[in-house]
There are 2 protein chains.
Amino acid sequence: MGEFDLIERWFTRTPRRSPLGVGDDCALLQPRPGQQLAVSTDMLVEGRHFLSTVQPRRLGHKALAVNLSDLAACGAQPLAFTLALSMPRVDEHFLEGFAGGLWALADQAGIELVGGDTTAGPLTISITVFGEVPAGQALLRSGARPGDDIWVSGRLGDARLALEAFRGRVALDGEGWTQTRRAMECPQPRCALGVELRGVAHSAIDVSDGLIGDLRHVLQRSGVGAVIEEQLLPRSACVASQALDLQRVCLLTGGDDYELLFTASPQKRPQVMRAAERSETPVTRIGTIQVEPGLLVWDGSGCSVSLNSFQAFDHFAA
Amino acid sequence: MGEFDLIERWFTRTPRRSPLGVGDDCALLQPRPGQQLAVSTDMLVEGRHFLSTVQPRRLGHKALAVNLSDLAACGAQPLAFTLALSMPRVDEHFLEGFAGGLWALADQAGIELVGGDTTAGPLTISITVFGEVPAGQALLRSGARPGDDIWVSGRLGDARLALEAFRGRVALDGEGWTQTRRAMECPQPRCALGVELRGVAHSAIDVSDGLIGDLRHVLQRSGVGAVIEEQLLPRSACVASQALDLQRVCLLTGGDDYELLFTASPQKRPQVMRAAERSETPVTRIGTIQVEPGLLVWDGSGCSVSLNSFQAFDHFAA
């Protein structure tokens, strides 16, 4: 099976909303009048972003999920995506599973594949997603204001705890292992919440490199500081049962959470709760934006946690 | 140097036409009213699409050039692009050259970098390009009509000849080596010609996998056949001086030509010549679209060349 048969068999469907899909030199997109197009690209490399032990179906899901998470953080409605896939050989078992996971999430999110590229090489997946957002309404990192509540969706740290278990640094029981591994391999992008937060949140980012690192991007871009209350950070029973140091690694530096971190005026708490209900996404208030630059994390006893040992995930350092 | 410093240093500029560029979860694009967005993605893998001996500057040029060539084939005006880059380590010499080549071509083509991703991994480059084309005016593979002239820009086969020299299958003199290597490593995308061909050409494709293979895509999509005259295929003196079999490999199956192959009514010959002049791009008429399906290549003596041994480039077979 060659490149073109492969695309025809696994990666071609007639587009519903885009004027032209897979099969020409370019696809054609047409945002509706008054809409801007939000664009994001992520690249996943075997051994770096996923382990060779991952099920192909989960990998197909995750490759699209991490990109959808970026659209969610901007409040953009998913529209279309392209897929560039490099793999050592044409492995039908792998492609069957990978395409299955990809299409399942694509259908769920209402996003369509419009183009791409396949080639032989090390297993690498690069997806570019497109979403629509009304002009001027995109949620940005730069909008946080002093006094804003800081919110996070879902819960933090499960994916990192699974990684620590894979690395043999912690032992988890069967249920904990299943649940945290699922969080690592099958993140659920928060697209519906992102759309509901338009006009409600002042700023947003997706937590992909860890809470502290990603919050610092918001603080830097917005020219503000923040206080976080460690006790308030949402976590699973499995994370909560770990030693305090490991909990902090998982909650503060995590990585692969793909939750939304956003800020909104305290006056908007009812609207935030309504956005959470409508999108069926739990949200938790974890702190406050401050005028003074810097980031403080308060532990339960009123002391600040030293953040020197907690760095954001860096793909060239990890 | 980490991921974020790297992006800041080499891959961040303020966008001029896009509402939001590098640095948030998404970039924002806003096509002008009445315009569709043409989108294309290509992935380049070391050892497969380029040799480890390539100068970083030329690699930066080529990675963008092959994508711009897809916009050219659709008649789209370059607007913006994203870059996903995986590389084994942060190598400042490499990044300096790569970014230099990339920006030089980006400035020449009037396209701006709006986002991307960098990660550690095998050297792999995935670029997604965006161009504007008035709704309904994109050049497609599916528009060829019986009686159409078949045209090709520039000349064919130089890049393939350089590859054959790299593989030790042919020896080239100094000048031939320099010129063909330049064709392989520094292809010039035909964006200006593509834009001029709107409303003139019936169909277009870029020749990236070889003349025969790419022409067959046009024939299949358009439900037509074609006759090509081998003598008319434009070639350099260096290609013309090779043995006939090697010339045919270079001209017919080539690969990496990045010229435009397009069809237009014979009545439009003056308009095609004007498009070529305005875009300062040589074009050559090489054959005719036929009602009967199939592809025939006539040699100089009125016999048809057997095409069985000439297959399109396939990344999983080569």
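Predicted model: local features only at pLDDT ≥ 70, side-chain atom pairs only at ≥ 80, totals over all residues.
Why quote an area at all? The size of an interface is often given as the accessible area lost when the parts come together.

Which part of chain B gives the most to the side that touches chain A? Strand β2 of chain B, residues 35-45, with 10 residues. Now the make-up of that side of chain B. Its residues divide into 34 nonpolar, 20 polar and 13 charged.

Next, contacts. On chain B, 67 residues are in contact with 67 residues of chain A. How many salt bridges are there between the two chains? The count is 0. Polar contacts come to 14 residue pairs, both partners at pLDDT 80 or more.

Strand β2 of chain A, residues 35-45, is joined by 3 bridges to strand β1 of chain B, residues 27-29. The two run antiparallel. Look for V39(A): it stands opposite A27(B) in β1(B).

Now over to a helix. Take α4 of chain B, residues 158-166. Is it mostly covered or mostly open? Mostly covered: 7 of its 9 residues are buried. They are D158(B), A159(B), R160(B), L161(B), A162(B), E164(B) and A165(B).

What covers the buried residues of α4(B)? The cover includes three helices of chain B: α5 (174-185), α8 (237-240) and α9 (244-253).

α4(B) is followed by G168(B), whose phi is positive, near 80 degrees.

Notes:
Residues numbered from 1 in each chain as written. Chains lettered and ligands numbered in written order. Heavy atoms only, no water. Buried < 20%, exposed > 50% of the residue type's maximum accessible area, 1.4 Å probe, protein only. Helix = DSSP H or I, 4+ residues; strand = E, 2+ residues; numbered from the N terminus. Contact = heavy atoms within 4.5 Å. Salt bridge = Lys/Arg side-chain N within 4 Å of Asp/Glu carboxyl O. Polar contact = N/O pair within 3.5 Å; in protein donor to acceptor, adjacent residues only side chain to side chain. Nonpolar A, V, L, I, M, F, W, Y, C, P; charged D, E, K, R; others polar. Pairing = 2+ DSSP bridges.
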